[in-house]
Amino acid sequence: MLVISNKKLDSSILQEYGVLKNVFLDKTTLESQVELLLKTKHVTSMENVNTWLLKAISLIDLTTLSGDDTRSNVFRLCLKAAYPLSTSILKRLKINEENKIRTAAVCVYPTRVPDAYDIIKQMGLTETIKIASVATGFPSGLYPLESRLQEIKFAVANGATEIDVVMDRSLALMGKWDTLYSEVEQMRKACGEAHLKVILGVGELGSYENVYKAAMLSMAAGADFIKTSTGKEAVNATLPVGLVMCRAIRNFYQITGVKVGLKPAGGIKTARDAINWLLLVHSELGPEWLCPDLFRIGASSLLGVIEKHLDENLPRAR
């Protein structure tokens with residue numbers, strides 16, 4: 001449990017610090033700040049672009065969350081996570097076996113966790129590639145709390161090292177912050193040693209103010225990461241939302257001394273999208289946040305896009 005001045009950090013203490021009241025965020029200002037950031041931090045040279053993209057690969061939670069997922073799908077996912085780039089691209093990058101690039105994690109449904117664990121274990125990469133599982137009634141979160149907690153425990157028992165839980169957005173929309181805090185706290189307990197990522201579902205929270213409040217409350221309740229979206233909402237990871245979440249993380253760190261990670265997910269489709277997120281985090285939170293312990297990108301198709309970009313833009317061997 002986090003502590004401020006020997007007090008339990010809960011929703012009442014957040015109220016005391018003004019975190020859950022008097023929060024006003026202007027949409028136009030946020031969008032202007034993002035636009036200015038991208039203009040001043042723009043990456044143009046192809047060499048720098050490629051460097052940023054290689055960093056992005058190492059931060060991807062490679063994801064499959066389809067209704068027709070099978071063991072064979074998960075096998076291909078894990079193989080791609082272990083070997084994200086072709087031999088040809090690795091040679092042109094002059095990357096050898098000792099410096100092999102891998103994605104940070106794979107992310108699957110709870111029932112596919114045993115498959116992912118088995119495959120990654122066979123490759124001897126359980127210490128290198130994390131196994132993340134969505135849980136708690138993904139993607140809506142509108143299921144009884146007990147069944148949501150059982151999902152977490154099932155995934156952890158079968159080898160998941162990270163749990164991406166869905167926050168009940170209705171609680172935020174109704175201002176039931178104490179209940180939301182309690183639920184996330186119980187999810188934290190159910191995770192045990194596994195890392196907890198709380199999906200805010202930003203596209204369904206109604207306002208930037210609610211995004212900020214939900215982020216702060218989730219971190220106070222024990223989240224190791226806050227995540228933008230399930231990828232199933234109409235609006236997913238946008239840079240203005242990312243800016244709000246980065247500032248919540250920074251404010252939380254200033255209050256508690258605890259670093260919490262950020263995971264944008266949903267709608268990150270292009271190489272430029274990936275770079276823009278890295279630039280945002282680098283600018284708002286600092287370069288120390290650009291590591292798998294503090295930043296991830298949830299994506300299913302992005303890796304293929306980055307690989308194609310590298311293949312098309314790297315010099316060909318003569």
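Mentor: Buried means under 20% relative accessible area. Keep in mind that this is a predicted model.

Trainee: OK, is N50 buried or exposed, then?

Mentor: N50 has a relative accessibility of 7%, so N50 counts as buried.

Trainee: Where does N50 sit?

Mentor: N50 is part of helix α3, which covers residues 46–57.

Trainee: And which residues does N50 touch?

Mentor: Setting aside residues up to four places away in sequence, N50 touches H309, L310 and L314.

Trainee: Switching to rings. How many aromatic pairs are there in the whole structure?

Mentor: A search of the whole structure finds 2 aromatic pairs. One of them is formed by Y109 and F138 and is edge-to-face, with 6.0 Å from centre to centre and 80° between the planes.

Trainee: Why does the pair of Y109 and F138 tie together parts that are apart in sequence?

Mentor: Y109 is in the loop between β4 (105–108) and α6 (113–122), while F138 is in the loop between β5 (130–135) and α7 (145–157), so the pair joins parts 29 residues apart in sequence.

Trainee: How accessible is Y109, and what about F138?

Mentor: Y109 is partly exposed, at 21% relative accessibility. F138 is buried, with a relative accessible area of 11%.

Trainee: What makes the pair of Y253 and W289 edge-to-face?

Mentor: The ring centres of Y253 and W289 are 5.9 Å apart and the planes are at 80°, so this pair is edge-to-face. The cut-off for that label is over 60 degrees between the planes.

Trainee: Which parts of the chain do Y253 and W289 come from?

Mentor: Y253 is in helix α11 (residues 239–256), and W289 is in the loop between α12 (271–285) and β10 (297–299). The two residues are 36 residues apart, and the pair links distant parts of the chain.

Trainee: Are those two buried or exposed?

Mentor: Y253 is partly exposed, with a relative accessible area of 33%. W289 is buried, at 2% relative accessibility.

Trainee: Back to F138. What is the peptide bond from F138 to P139 like?

Mentor: The peptide bond from F138 to P139 is cis, and its omega is near 5°. P139 lies in the loop between β5 and α7.

Trainee: What about T136, what is its phi?

Mentor: T136 is not a glycine, but its phi is positive, about 65°. T136 is also in the loop between β5 and α7, and it is buried, with a relative accessible area of 0%.

Trainee: Then K94. What is the phi of K94, and is K94 buried or exposed?

Mentor: K94 has a phi near 60°, a positive value in a residue other than glycine. K94 is exposed, with a relative accessible area of 75%, and it lies in the loop between α5 and β4.

Trainee: Where is R102?

Mentor: R102 lies in the loop between α5 (87–93) and β4.

Trainee: Which ring does R102 lie over?

Mentor: R102 is over the face of Y83, at 5.5 Å from the ring centre.

Trainee: Which other residues does R102 touch?

Mentor: Not counting residues up to four places away in sequence, its contacts include I57, S58, A81, A82, P84 and L125. T128 is also among the residues that R102 touches. R102 and T128 are 26 residues apart in sequence, with their C-alpha atoms 8.1 Å apart in space.

Trainee: New topic: how much space lies in the largest pocket?

Mentor: The largest pocket holds about 310 Å³ of space. Its lining has 19 residues, and T63, T230, G231, G266 and S300 lie nearest its centre.

Trainee: What classes of residue are in that lining?

Mentor: The lining of the largest pocket has 6 nonpolar, 9 polar and 4 charged residues.

Trainee: Last one, V202. Where is V202, and is V202 buried or exposed?

Mentor: V202 is in the loop between β7 (195–199) and α10 (208–220). V202 counts as buried, at 8% relative accessibility.

Trainee: Which residues is V202 in contact with?

Mentor: Leaving aside neighbours within four places in sequence, V202 is in contact with V211, T228, S229, N236, V241 and M245.

Definitions and conventions:
Residues are numbered from 1 along each chain as its sequence is written. This is a predicted model: local features need pLDDT of at least 70, side-chain atom pairs count only at pLDDT 80 or more; totals for chains, interfaces and linings use all residues. Side-chain values use heavy atoms; hydrogens and water are left out. Rings of Phe, Tyr and Trp (its six-membered ring) pair if their centres lie within 6.5 Å; planes under 30 degrees apart count as stacked, over 60 as edge-to-face and the rest as tilted. Helices (H or I, at least four residues) and strands (E, at least two) are DSSP runs, numbered from the N terminus. Buried means under 20% relative accessible area, exposed over 50%, partly exposed in between (1.4 Å probe, protein chains only). A charge sits over a ring if NZ of Lys or CZ of Arg is within 6 Å of the ring centre and within 35 degrees of the ring normal. On a 1 Å grid over the protein atoms alone, a cavity is a set of points where a 1.4 Å probe fits but cannot get out, and a pocket is an open set with protein on both sides within 12 Å along at least five of seven lines; lining residues have an atom within 4 Å of a point. Grid points are joined across faces, edges and corners, and a volume is the space filled by probe spheres set on the points. Ala, Val, Leu, Ile, Met, Phe, Trp, Tyr, Cys and Pro count as nonpolar, Asp, Glu, Lys and Arg as charged, and the others, Gly among them, as polar. Contact means heavy atoms within 4.5 Å.
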